[in-house]
Amino acid sequence: MKEKDLKKLVSGAINSDTSIDLKTYEWDSLIHLTILMELEKTFPNKITSINGIADINNFNELKKILISKNILIND
Amino acid sequence: MIKGSYQFASKKVDLANNANLKNYEELFKKTGIKYIYRSTENETSLTLGESAAKKLLANINEKVESLIFVTQSPVSTIPSSGCLLHKKLNLQNDCFVLDVIQGCSGFPYALSVAVNLLKNKQFKNCLIVTSETYTKYIDEKDKVSMPLFSDAASAIFINQNSLPKMHSSYFLTDGNGADNLCIIKDKNEKKLFMHGAKVFTFTAEKVPEATNILLEKAKLKIQDIKLFIFHQASSVVLSTIKDRLKIPNEKFYTNLENIGNTVSSTIPIALIMANKEKKILSNEPILIMGFGVGYSLAGGIFTFD
């Protein structure tokens, strides 16, 4: 997965009417669950086992952890 | 076969038309729930449990020798709610009474204890009552927990003639997850707090593992199990379990759409409904598993006569 695909996935989960800045946005519990679900669909059995993924509430941390697991390819 | 009854709380909530929920369609994709039941001020885990049990006992001509009351929303801890239910049901004094406070895994715990008590001929029969009123701790504006949890009770009666065979059982506890689903105090009010993502990752990892352990202990395979009844947590949790274990749709029981997550009552209500729908046949193995708050997980493979 590339960063632009992850941005699309996260933006879709946030599903906001107004434009949001992913660099500063902190998501809530329901959005978090949606992001995990969507990632799980793309990478079955690889997401929920990642230590700490349930603690993340922003795009940059998610990006970092997915890069460390070779799920996200650095552009 | 399974003798049981259930009782929902009286306030049925149509989530699609609830003013507190924006974007219900999106929410439904995660929860799979259309209706929940909320208890009124006068309804408690004791009154709901009493009601479910009395409906069942009206058709049973045996003195109850043991009672297991499963509730995590008890009206009393001193004395135990089991003693209060015993009184309400006017049971005989020489009766074994046990309270189980394990939330969503409570029913498999109770069934395992009951089967062993009866198998060892300690008692002739056992009445298992589950009852929960989690919604008393959930604000109607809480967009995480309100559209999930629902109040209901169930009662299941087993005796030596209807004693299920337990092929395997498995229990898992991880107190490190205690703070992720718990009661917190907010301005002197008790409120339910749930960290959805953490509970979801625990479930997605541990339930498939535990299912495979149960199967291995019973020397059975997925295809040998006629029906899987998992705790009806939410559709996202259930579909993740189903996909990971590759369980065919027709063997995977769900009923949460019109009921909601009734905590310890989801599995017995599902058992009773599946039985009525003739999905539980004599001597065909059924796998049940409860999981969640604690973290706690309990499951078993049973055949019902």
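Colleague: What covers the buried residues of α1(B)?

Modeller: This is a predicted model, where local features need pLDDT of at least 70, side-chain atom pairs count only at pLDDT 80 or more, and totals for chains, interfaces and linings use all residues. Residues are numbered from 1 along each chain as its sequence is written, with chains lettered from A and ligands numbered from 1 in the order written. Helices are DSSP runs of H or I, at least four residues, and strands are runs of E, at least two, numbered from the N terminus. The cover, by contact (C-beta atoms, placed from the backbone, within 7 Å), includes α2 (29-42) of chain A and α6 (235-245) of chain B.

Colleague: Which residues of α1(B) are buried?

Modeller: Buried means 20 or more other C-beta atoms within 10 Å of a residue's own, exposed 12 or fewer, partly exposed in between, with C-beta atoms placed from the backbone. E25(B) and K29(B), on the other side of α1(B), are exposed. In α1 (residues 24-31) of chain B, the buried ones are L27(B), K30(B) and T31(B).

Colleague: Within what arc do the buried residues of α1(B) fall?

Modeller: The arc is taken over the directions from the helix axis to the C-beta atoms. Seen down the axis, the buried residues of α1(B) line one face of the helix, because they fall within an arc of 85°.

Colleague: In β10(B), which residue is the bridge partner of K185(B)?

Modeller: Strands pair if DSSP finds at least two bridges between them. β9 (residues 181-186) and β10 (residues 189-194) of chain B pair antiparallel over 6 bridges. In β10(B), the partner of K185(B) is K190(B).

Terms used: Two residues are in contact if their C-beta atoms, placed from the backbone, lie within 7 Å.
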